[in-house]
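Have a look at the sequence and the 3D view first, then read on.

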Amino acid sequence: MLFSSASARGATRAIDKVSEPRFSVVTPVYETPADVLRAMLDSVRAQSFRDWELCLVDDGSRLPHVRAILDHAQHNDPRIQVNYSDANGGIVQASNKALEMASGEFIVLLDHDDELHPDALALVDEAIKEVPDADYIYSDEDKIDLSGHHNDAFFKPDWSPERFRTQMYTGHLSVLRRSLVEDVGGFDPAFEGSQDWDLVLKVTERACEVVHVPRVLYHWRVHETSAAHLGGGGKDWAFEAGEQAIQAHCARIGMPAQVERDPAIQDIYHLKPELDRNPTVSIIIPTGGQTGEVWFDPVLFVTHCVGSILSTSTYDAYEIVCVIDASTDRAVLDELVDIAGDRLRFVPYDRPFSFSAKINLGAIHSEGEHLLMLNDDMEVVTPDWIERLVMYSDHSGIGAVGARLLWEDDRLQHVGVLFHEGRPSHIYRGFSGKFDGYFHNVLVAENYLAITGACLMTPRDVFEEVGGLSTTLPINFNDTDYCFKVWATGRRVVYDPDTVLYHFESSSRSPYVEEWEINRLTDRWLPMSDVDPFSNPNFQGGAPGSHPSSERSVPASGTRLRAALRRRLARTG
Amino acid sequence: MSEPGTSLDPKRRLDSSPEPGEELERRREEILRLRDLLIGKDAELRAAKAHVAELEEELRRYTRIADHLRHPWRLFHVVLKRLRARRNPRD
């Protein structure tokens with residue numbers, strides 16, 4: 001069907017308007033500088049994929065060049081439609097008017113001062129063909145300055161619901177299935193300033209598939225009045241709207257949390273647990289009663305650890321299960337009893353060392369709804385650490401949650417695990433504890449394929465369903481294997497940045513890994529781990545800790561998509 | 001879950017080792033071991049299936065290329081078709 005305006009002029013046009021295009025690019029316009037507006041329009045017209053329409057709503061601009069440029073664009077391309085508002089009604093109202101004009105299968109969000117990569121729609125179309133159930137597609141992005149230089153590329157992880165709850169990391173380019181956008185009612189004026197985030201939250205709550213195209217398909221222009229230029233300082237009301245949007249999302253999905261803004265970085269948020277129930281937690285600590293130094297003082301690790309749990313924790317419904325080597329000195333047990341009293345449960349262990357077997361034995365002898373694996377060389381920092389871990393572990397869809405671990409000199413020991421060519425490694429291991437990561441990824445919640453078992457909470461039913469820790473991996477990779485088993489059940493693994501503990505593992509420790517151990521891991525899980533979805537192929541070495549190979553070089557997305565399909569196959573058979 | 005016989009006195013629990021409790025413990029450990037074995041073998045099987053599918057796809061691709069190389073005019077036809085498709089994606 002031709003638009004009526006198009007049919008009247010159709011004979012004079014070089015390009016015919018097509019019915020129900022694949023993409024409707026939706027762009028509210030207001031007082032846009034002339035060169036910037038032309039660049040935006042040119043970037044859409046230059047798309048190598050031609051099955052699109054551009055729905056522009058001028059939100060009452062007074063600058064005369066805006067109407068002239070938009071009129072000219074509309075006249076010369078039947079795929080471009082413009083609606084003019086008499087008065088400035090705000091971005092939500094203008095965006096909703098643009099949505100009403102849209103007839104495409106997918107909505108593409110484009111700001112009036114930004115640009116699309118020439119292959120943006122072609123690559124998104126390719127991604128949708130690979131994953132036909134895709135309801136939300138997003139890409140990597142960069143910034144473009146006034147002189148046209150590209151910088152500050154953001155290479156993103158694949159879909160990470162937990163990160164999206166604490167940071168609007170998907171940003172641009174965002175493409176949403178129109179039927180879902182209509183189902184959720186379009187842009188909500190209650191969240192003006194963070195209306196995009198609210199919309200994507202609502203759509204992804206219902207989405208079948210979310211797809212990430214790891215290519216820079218969107219260029220965010222930095223100029224005096226743009227959000228990219230203003231960064232954290234200029235639009236406080238927008239960040240408040242972001243907080244409210246996440247809070248509303250948490251209420252919809254039943255996440256028992258109060259949303260708080262980060263005190264220093266305005267575009268990231270934190271979830272503070274507000275539990276509506278207090279399930280029992282069993283903290284399982286395997287120990288042989290080893291001693292070591294903590295801040296230059298000799299300590300017995302397990303008593304130091306248990307002491308810190310008791311003195312720091314604000315949660316009440318927990319027990320401590322110490323799986324203790326039978327050869328452990330009786331004095332250690334006596335000291336533990338003195339510290340922990342009735343909260344303590346001993347389980348003797350008299351077989352050859354196996355971290356997995358000790359944890360499994362502890363789980364068998366425990367009563368909690370949630371199991372918290374904890375190394376004995378730890379010290380709790382965050383008073384509500386158990387509440388935080390329960391907030392995640394008790395939520396449907398989540399099978400394991402871990403913490404931010406620091407060495408005693410405050411450097412990072414664990415903030416998540418990434419895989420490169422099937423081999424796991426702790427990201428940012430040894431970085432300063434003040435390092436906030438690539439686009440703040442140390443400070444926001446994130447999904448990972450694996451987290452460390454040094455501090456890991458999991459629901460008991462999940463632990464039993466997957467057979468606990470694998471005793472075929474007694475020393476190394478049992479935690480990694482466990483996390484893969486959790487993913488295989490369709491549940492997510494989460495890193496929580498706001499649960500902090502000290503881990504007194506020596507920073508110079510280089511655990512010897514046997515070849516058979518890595519082989520066992522890869523034999524089971526290579527389809528899921530060979531291309532880590534939570535890294536980005538633009539990074540050399542596969543992790544954000546390494547340098548981008550080149551900000552503008554972008555590898556073929558097909559490999560990534562094939563890997564995603566392999567992972568799905570590995571999960572579902 | 002805890003054994004019926006275990007008390008909250010940690011010293012007593014360490015010292016006592018009732019035989020029925022040990023048997024239950026062994027059986028529960030064995031259930032965990034077998035569940036791990038099942039999910040592990042299942043994962044290995046799926047990994048193998050995914051690998052086979054990938055190899056078969058590669059084999060098909062190589063076969064097509066080899067076929068085209070035997071008949072260069074077919075290759076020319078494919079290239080021409082792709083060029084046309086790029087020029088007009090709706091064709």
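How many bridges join strand 5 of chain A to strand 9 of chain A, and do they run parallel or antiparallel? Two bridges link them, and the strands run antiparallel. Keep in mind that this is a predicted model.

## Strand 9 and its partners

Strand 5 covers residues 115-116 of chain A, and Glu115(A) has His219(A) as its bridge partner in strand 9.

Strand 9 of chain A is also joined to strand 6 of chain A, residues 134-144, this time by ten bridges and in parallel. If you want a spot to look at, take Ser139(A), whose bridge partner in strand 9 is Val213(A).

## Wrapped up by the rest

Strand 9 spans residues 209-221 of chain A, and twelve of its 13 residues are buried, so the rest of the structure largely encloses it.

## The nonpolar core

The largest nonpolar core has 165 residues, and Ile284(A) and Leu449(A) are the ones touching the most other members. Strand 9 of chain A gives this core its largest share, seven residues.

Now zoom in on Leu449(A).

## Over to chain B

Of the 91 residues in chain B, 11% are buried.

Note on methods. Residues numbered from 1 in each chain as written. Chains lettered and ligands numbered in written order. Predicted model: local features only at pLDDT ≥ 70, side-chain atom pairs only at ≥ 80, totals over all residues. Buried ≥ 20, exposed ≤ 12 C-beta atoms within 10 Å, placed from the backbone. Helix = DSSP H or I, 4+ residues; strand = E, 2+ residues; numbered from the N terminus. Pairing = 2+ DSSP bridges. Core = buried A, V, L, I, M, F, W, Y, C linked by C-beta atoms within 7 Å.
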